[in-house]
Amino acid sequence: MLRRTGTCLTASALCLALALPVQAQSTDRFEAPGLTDRGGTPIANGDYGLPSLTYSGSQAISGEELRLGRAWLRQFRARAPEWQDAIAQDYVESLVARLLPHSGLTQASTVVTLVESRLLNAFAVPGGVIGVNAGLFAFAEQEAELASVVAHELGHLAQRHYARGRERAEQTQIPTMAAMLAGMLIAAGGGGDAGIAAAMGTQAAFIQDQLRYSRRFEQEADRVGLQAMAGAGYDPGAMVEMFRAMQRMVSLQGGNPPEFLLSHPMTESRISDTQARADQTPVSTPRDEPLEYALVRARALLAIHDRDPQQAATRLTQDQAPAAARRYLAALIDARAGRTDGALAALDALARAHPDLAMLPATAAQVAFDAGRTDDAIARSRRQLRLMPDYAPTRRLLGEALLQRDPNEAYRVLRELAERRPEDPQVFTLLAEAAGRSGREAWGHLARAEQLQLTGRIDRAIRQLEVAKEVAERRGDPAAASAIERRREDFIGYRETLEEFR
């Protein structure tokens, strides 16, 4: 039985963006080969203008769509509140990767962005950008419920609903891309940004109409989502439960429907149809409810109730969360209160009881680092990475901790991580610091410029490149100067394209 308490729901969105490439780096160079997938493999790139996007019936994500989505993400990052939680990020990326092969998408390259908002929301943008609010974890008590929302959004991508719906938007002369982006930010963030709302003016209602999914599109996304859930081992019935919970929310709010339901029409016939499809969709290898989800949910509740952590603990207790998840949350609360020894003892005990959960030793290392126990954090991180070398949250923490002990080693660790995660602004923030502390000043300015362009601040990024070039020339570093000049030319091109947003 689902239990819901005081959670809101906001709109999901597919939207138009501009073209930006993604950078990667190697050794002491920052290369810009174009888009890469999650593992860093280059994807064919074209020109950096505004490409056309028309429905071809293919379920592959094209290079054009990739550039569209990445560009939109940069603009979104510039305005939306980001939930910076490397452990939660890794979890959602793993969930998406689990669903993706069963969604019908081929050659997909996805990027996950987390939004720091208590409003329930998940959204998908052409090009494989998946957004999830912290509030979705509060609403979804089981992993299958979260998976149902993400799978539904992947269904919209797989069926190319943005491309297919674009013709109607063009026929009715949809507003400028700047207004479209503003509308998406309002939807994804719950409408709380008054400045964006003011910029929208009287176009808000019109844009809302353009974003409304048709009944056919919703049914198609439901069908694909159910198939993806079953293929990944999730009970398709969880989607039906989520739909019914949304309906109950409407009645609890006095008939005022959440924004999600305004753009995702919900009817009793649709729920009945989904129930019928779910009943006919077998799960070959069912997944057990993982403790990992309960732990990430504890982190999300703590982020939502940042000013009163005890509310997060109360919520977990009310929802009858696993005892291990409640102990985990208690350890996080103890760590925040400065009770580091008790927090580490509890986390170490949980890690011994659940040795396969990478987030447990990673959390302990983070707690040690936050408490100023740098050497302990480094030792813990290295110990975990010997067993789990690919766990990105721990590798990032190791790089950050090494900044205080061995900047050269920190630069090496973070440079390798940046190659694997070329869309992660936080990694480039740390890399810039590591470059500066290890005497690579020009490369540090270049890393900072990359972080700025990843977060949509292209003018500042170009100014940062100018500083980087001056430093490289003064220091007699021709390799850095050449790389900086190449990126400067790219950035100027990006800026010309981004004028469309103004």
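Okay, a definition to start: buried is under 20% relative accessible area, exposed is over 50%, and partly exposed is whatever falls in between, with a 1.4 Å probe and protein chains only. By that rule Arg 74 is buried, at a relative accessible area of 0%. You'll find Arg 74 in helix H1, residues 63-79; helices here are DSSP runs of H or I with at least four residues, strands are E runs of at least two, and both are numbered from the N terminus.

Quick housekeeping. This is a predicted model, so to speak of local features we need pLDDT of at least 70, and side-chain atom pairs count only at pLDDT 80 or more, while totals for chains, interfaces and linings use all residues. Residues are numbered from 1 along each chain as its sequence is written, and side-chain values use heavy atoms, with hydrogens and water left out.

So how confident is the predictor? pLDDT is its confidence in each residue, from 0 to 100. The chain's mean is 79, and 71% of the residues reach 70 or more. Over residues 1-27 the pLDDT is below 50, yet that stretch has 150 contacts in the model beyond near neighbours in sequence, contact being heavy atoms within 4.5 Å. Residues 192-211 are also below 50, with 32 such contacts.

Now the whole chain. We've got 24 helices and three strands, and 57% of the 502 residues count as buried. Take the contacts between residues at least 6 apart in sequence: 72% of them join residues at least 24 apart.

Next, a helix pair. How do H9 and H10 cross? The axes of H9 (residues 215-231) and H10 (residues 237-252) come within 9 Å and cross at roughly 130°. That makes H9 oblique to H10, since under 35 degrees is roughly parallel, over 145 roughly antiparallel, 65 to 115 roughly perpendicular, and the rest oblique. The axes are lines fitted to C-alpha atoms over the stretch in contact, and angles run from 0 to 180 degrees between N-to-C directions. On the H9 side, Asp 222, Gly 225, Leu 226 and Met 229 meet Ala 238, Met 239 and Phe 243 of H10.

Last one: Gln 320. This residue lies in the loop between H14 (309-318) and H15 (323-336). Gln 320 isn't a glycine, but has a positive phi of about 55°. Buried or exposed? Gln 320 is exposed, at a relative accessible area of 63%.

Key
pLDDT is the predictor's confidence in each residue, from 0 to 100.
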